[in-house]
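The following exercises concern the structure shown below. Each task is followed by a solution in steps.

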Number of protein chains: 2
Amino acid sequence: MKWSKAFIPTVKETPQDADIVSHKLMVRSGLIHKLSSGLYSYLPLGLMVIRKIESIIKEEMSKKDAIELLMPILQPKEIWLKSERYEMMSEVMLKANDRENREFILGPTHEEIITDIVAHKIDSYRSLPKNFYQIQAKFRDEIRPRFGVIRAREFIMKDGYSFSMTQIESEKIYQDMYEAYGVIFKRCGLDCAVIEADTGVMGGRKSHEFTALADVGEDTVVSCKSCTYAANMELAKRQVQEKSIMGIRQDPLIEVSTPGMKRVEELTDFFSCGPMCFIKTLIYKGDEKIYAVLIRGDLEVNENKLRHYLKEQVINLAEAEEIIRITGADVGFSGPIGLKDIPLIADISVRNMTNAITGANKNNLHYKNVNPGRDCVIYDYLDIGFPVTGDLCPNCNDELVFKRGIEVGQVFQLGTKYSSKLSAVLQNEKREDVPLIMGCYGIGVSRTVAAIIEQNHDEFGIIWPMETAPFKVIVIPLVYKDEIKKTADMIYDRLRSNNVEVLMDDRNERPGFKFADADLIGIPIKVIIGKKTLQEGKIEIKIRKTGEVQKISPDHLINKINELITSL
Amino acid sequence: MKWSKAFIPTVKETPQDADIVSHKLMVRSGLIHKLSSGLYSYLPLGLMVIRKIESIIKEEMSKKDAIELLMPILQPKEIWLKSERYEMMSEVMLKANDRENREFILGPTHEEIITDIVAHKIDSYRSLPKNFYQIQAKFRDEIRPRFGVIRAREFIMKDGYSFSMTQIESEKIYQDMYEAYGVIFKRCGLDCAVIEADTGVMGGRKSHEFTALADVGEDTVVSCKSCTYAANMELAKRQVQEKSIMGIRQDPLIEVSTPGMKRVEELTDFFSCGPMCFIKTLIYKGDEKIYAVLIRGDLEVNENKLRHYLKEQVINLAEAEEIIRITGADVGFSGPIGLKDIPLIADISVRNMTNAITGANKNNLHYKNVNPGRDCVIYDYLDIGFPVTGDLCPNCNDELVFKRGIEVGQVFQLGTKYSSKLSAVLQNEKREDVPLIMGCYGIGVSRTVAAIIEQNHDEFGIIWPMETAPFKVIVIPLVYKDEIKKTADMIYDRLRSNNVEVLMDDRNERPGFKFADADLIGIPIKVIIGKKTLQEGKIEIKIRKTGEVQKISPDHLINKINELITSL
């Protein structure tokens, strides 16, 4: 394509509303144009990159026998009521009412719809397993759309859904998709961490996230310094550094008057020690039971872990009045000593604490020198906190490290949550009714573009990895006339007839301007044609990523370019 | 692809809610599945056909230097207020409100959005002309979704928009698109009429519709029996057969008492003659003026034509009270005689009427033997009616014929309606501000699938034209085992390695069942492998369209198939 016929509206100025480099570069290199908060048009170059990613996805899905289809964006509310997800997801869903005031959801995901198709259209276990996918605009009513296409209201997703008769078959497809996703992101030029993840609103039993490491990412990847362990914050297990308590004397318990001191800062000031010296005591309610949960003062309880360990459906902090009734004191004065008939559940961070400070379950009083075990009976020590720097790997005991990243893909084992509610049930060989076992597999196509840029850029612009580059080569005649024009045209035609995706900058602009634009839009290989080198019978090839320059004869160009496309 | 790995849920039963053959066959051959009224999933085979059509569109657009991009589905209400189309289109638009209660339109078309992009991103006339397009889901809140994907609430459109500095440039692109659309529909295997059309809610100066002729179509194509004239009903011009009035005596005007007779049936009964003997008199109001419009009793006034001829912005029938004030009589007793200061505008159908019946502008009275010219002065005779059988071509005077069709594409010259309202204005070479001249060009991609089927089917199923067939060849082993399986696998592999799109029916089903499915889903070429022909060292090729069968040696298969793909 010739630049003059294309539409690549590059801009020098950094857009004011862009906080992160990928957003800035996507606007500056003419990939996107903002219509409204969280709504972007993909301009031609941006769409070309999207299509490259889609092609990679389609190729890898096809290798795993996944089948493409296309479901409607509009979904009737009724089907979301059937799956019992309407309430849970209502807040983040965009909805439209038709002229008869029937409500439709603008699809944020399609588990309900594909399950309905399978329930109606597959009538024998012999047709299974099947693994479907589509690539489509999805919608989310974000509270605060930001970071360009990373957190948008309308975005492009690949969403896939598998149906199997047995757990083994289902796990085989999960494994297939896990592998395919690794290949896809690698081909996209992304460095991804694959981490254990929470199943969230999808439900189900197992999940992995593919997170592109990037300093600006909204997600945190917790991983081990030495072994392969990796998980997101929600799910990350941890061990706590065991301080030796040998030789540390357990001092006598002392009651200390702390009038009106409920806030952490007041207490740390008063006791002249950091929050690590305190044991926080939180009163939680399960479906029926009450628990007192202890954790070191500087840490936070991960309620998902807590709920999971306690085998409760829901778990909530008790209200102020209930706390008074249970502990006998106001919120802020709760402590582990003297709570009758309430099990004390302690985070592992509490295990080695000595001479700690806690509330006394009496207003305006705290205890000093609390030693769990001596002063109160701990029902169980569990890993129920979020990991922090200094925590250790649950597998190998080496240090945990924390990295930021952008979630670009996620795979889930869904079990029978949707199939049983939406009647996707088939008879097996023994004529027993079996609700189908599902998996779901998503890739954020549009945010993958941003993630690629976060990982592949320099101060001059984007550096596209070869497979996702909108063009592999840009031909730059320093002046587009006379002999240079003739050679440029010849080279452009030759590249095109050899199926090399090539852009020619045929504009009447200064060479410096053209180079800056070529760097900004990030085309991997420049072919530069100037008077001086042409007099030597040569043209220049310059690699965007390394800056490396070679002079070669035009006759060797095609071979050289093909070699570079394969090797870069 | 092997059938066992594919998802082609064919059904024998005709779906109950399907009225037309394309809808029935799309469901029966497993192309679509209904989610809700006017909402369909495209199952794998249906999506493959959609993708074929999209590829054809992209190829032809690329030949004309049109540039693909992708705009958001969600469009802020504000931009529709700016273009002053919100009120006009509000009724048919689906809308979603976000969490801050801002209203968004689910795009039915994208003139506003592309004009906004051009206004922001093109800053010099030297970048023009540009012609953009996208392929995307579109939305319409249909009163009565019907005919499967033909009138759906969510459908796939190619929509294109051009921007030029001059009318000449703009018309050049219009002509390019006109030609490209002809090629696209031809390649899709469609027989289309290209007709002059109304610009409707798009506004603008000129438009053509591409209408696939089909008995079930909702649109009527009016065309000449002998010359190339063609138009839609809204726009079709006509001449009326001139009966000779030589020798017909103009009888004296008679007042006839017609107590309470306002309805046509009462009057035709009473006078014992058909509606063709009556002149209807309709009182219309323009912006300021009042008109009495006369038309033969069996015909309808085309208000668009009337408005256009009278050069009025709006034209409306007068209310009952105004009619009494203007004519002195109730609605139903209006007539041309005695209306003071009101111009009588007559349709050409009135010109040769003699001794007609009209209202008398007095309650309960009609006139017999009204002769325009003798009894009242006609201000002008105009073509302001909808054509009917028997009307003549405006160009050559031969008969007009009426055909039904499905509108699959439309091109519009928009002028500066959107560019001037949305500030898409550039300076020309003389530094004068010029609002850009626009065109827009649409193809209904999903309804094109239905139109192809309407024109290409028989009692056994679909007969795909080669270019839109999901697979070009289906390999049918009569029994998928032993020697037949071996040959079938070999042939399947050989076709695939020669890039022939091939489906293999590897199911354990009876031959008759497989043939019926192959006919139903309409694959153009069957390659049939059976024991008997195999013993002769042959396989069979059967053409779906003609039923023609040939036996050939497997060694000649690839050549034969390539020959058939080119020639069919």
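**Exercise 1.** What distance separates the centres of domain 2 of chain A and domain 3 of chain A?

*Solution.* This is a predicted model, in which local features need pLDDT of at least 70, side-chain atom pairs count only at pLDDT 80 or more, and totals for chains, interfaces and linings use all residues. Residues are numbered from 1 along each chain as its sequence is written, while chains are lettered from A and ligands numbered from 1 in the order in which they are written.
Begin with the bounds, which come from an automatic or database domain assignment: domain 1 of chain A covers 21-237 + 402-453, domain 2 covers 254-382 and domain 3 covers 471-567. Taken over C-alpha atoms, the centres of domains 2 and 3 of chain A lie 69 Å apart. For reference, the C-alpha atoms of chain A fill a box of roughly 95 × 65 × 50 Å along the principal axes.

**Exercise 2.** Determine which rotation relates chain B to chain A.

*Solution.* Superpose the copies by least squares on the C-alpha atoms of residues with pLDDT of at least 70 in both. Next, locate the axis: among the residues of chain B, Ala96(B) comes closest, its C-alpha lying at 2.2 Å.
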